[in-house]
Amino acid sequence: MLSRLPLFPISSQINEAGHLSIGGCDTVGLAAEFGTPLYLFDESNLRSSCAEFRNGFGRFYPDSKVVYACKAFINRALAAIFAGEGLGLDVVSAGELAIARSADFPMERIYFHGNNKSAEELEQALELGIGRIVVDNLHELKMLEEIAGRRGLKPDILLRLLPGVDPHTHRYISTGIIDSKFGFPLPRAEEAVAQAMLSSSLNLVGLHSHIGSLIFEVDPYLRAVDVVLDFAVAMGERYGFKISELNIGGGYAIRYTMDTPAPPVSNYAEAISSRITTRCRKLGLALPRLIVEPGRAIVGRSGVALYKVGAVKDIPGIRRYVAVDGGMGDNIRPALYEARYEAVAANRMNAEESGKVTIAGKFCESGDVLIRDIVMPALSSGDIVALPCCGAYCLPMASNYNASLKPAVVLVGEGKARLIRRRETFDDLTGCDLDWKAG
Ligand code: LLP
């Protein structure tokens, strides 16, 4: 299983005991100490992903900023790490904003996204003085103008455009095509620019597009850049709009399985930067500041899920099911997107592979399968299975289905493990229920 090691955080090794070690911590020891399912994040990998984006884009486009899309996963510890790394934060709800606040994240570095922000959320964003509001639709534009006007403010805004570009990804995570709930299709966008430019309570600083997630090709980004910059020129001519910020969203792919390598960040950075530079020169536009919003590519590889094997069931001639103590409750991605993962036996990294198994979860759904048909060493009850690339969109999409408890999270590095989120308790499950008497 040496061959799967590159999917795990950079610091991953096999130690003398034949166990998977990450950040200098024995994962089998972590499972024993903190229980399973357990999510761990490797601090040095988190920081190096931040640097990879900062430097990757900075090298080709000096006036660029990295804004972490925190829907991929955020909690107080991670927010503090990203603040220290100089990143901004893309939030999509008052909840994500509350987590950012609790970590004293600098409000001016926050971008507020969302296709249906409430009046309360907009009030709060203005109250807190967050950096930018990315306006999604005319309803929101009108509401924001009214709220800002009433408060005597003039927030910096971007408009989210729907560039009509197919990013060739799963349809559930494709957002750039015209039939999408996100953003302004171009004719509507013109109305929005006209209104924003006339308003004394809105400061239109730029345009945004996010075409989807887990995008392995660079080309769709380039087409989105063209559409957005052409639109910016037209709006300059008609309404005097100047684009000082171009936000091209997130979507950068990571390698989940050995057979699906992803392009390095520098490939996206070089191609996107050079397209913006040449296009702006051709169109006679001053170079705008470039904002990129990676989520998955910042946290994905840093996160690992540890499970304990329970029942192993053979259906002769058909399949061997190995059941673990988590599943769709903490990782809905295989059930929702047919997402593929790989795994290793963390307590027997040097064991020979023995045959195909299907790693199933413990939830009451047949679709609760984490990995179908993966070659593993013989697994039995008590073994620890580690899934790589679980840092993005597992924990934030976790549920309490079957009244399961959401897992604990530890941060590992330099041989130390720190609990950064405790496991839920049964009291957490019942804590929101109120006393009630029949009759
Ligand atoms: N910016 C905006 C406006 C977004 O909507 C998103 C993700 C991102 C940035 C970050 O995209 P990333 O770099 O992480 O691909 N739950 C799905 C992914 C949903 C992505 C939603 N928007 C999954 O598990 O694959």
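The largest pocket is lined by 32 residues, among which Lys-71, Thr-175, Phe-182, His-210 and Tyr-393 lie nearest its centre; a pocket is here an open set of points on a 1 Å grid over the protein atoms alone, where a 1.4 Å probe fits and protein lies on both sides within 12 Å along at least five of seven lines, and lining residues have an atom within 4 Å of a point. The model is predicted, so that local features need pLDDT of at least 70 and side-chain atom pairs count only at pLDDT 80 or more, whereas totals for chains, interfaces and linings use all residues. Residues are numbered from 1 along each chain as its sequence is written, and side-chain values use heavy atoms, with hydrogens and water left out.

The volume of the largest pocket is about 720 Å³, taken as the space filled by probe spheres set on the points. Its lining comprises 11 nonpolar, 12 polar and 9 charged residues, with Tyr counted as nonpolar and Gly as polar. Domain 1 (2-35 + 302-430) and domain 2 (44-298) each contribute at least three residues to this lining, the domain bounds being those of an automatic or database assignment. At least two lining residues come from each of helix 10 (296-299) and helix 11 (333-337), helices being DSSP runs of H or I with at least four residues and strands runs of E with at least two.

Around the ligand there are 20 residues, of which Ser-213, Glu-293, Arg-296, Arg-333 and Tyr-393 come nearest, a residue being near if one of its heavy atoms lies within 4 Å. Polar contacts are pairs of N or O atoms within 3.5 Å. A ligand oxygen atom lies 2.8 Å from a backbone N or O atom of Gly-251, while a ligand nitrogen atom lies 2.8 Å from a polar side-chain atom of Glu-293. For Tyr-337, a side-chain N or O atom is 2.8 Å from a nitrogen atom of the ligand. The protein buries 92% of the 580 Å² that the ligand exposes when taken alone, with areas from the Shrake-Rupley method and a 1.4 Å probe.

Two backbone features concern loops. Thr-36 and Pro-37 are joined by a cis peptide bond with omega of about -10°, and Pro-37 lies in the loop between helix 1 (27-34) and strand 4 (38-42).  Asp-104, in the loop between helix 4 (94-102) and strand 7 (110-112), has a positive phi near 55° although the residue is other than glycine.

Methods: Polar contact = N/O pair within 3.5 Å; in protein donor to acceptor, adjacent residues only side chain to side chain.
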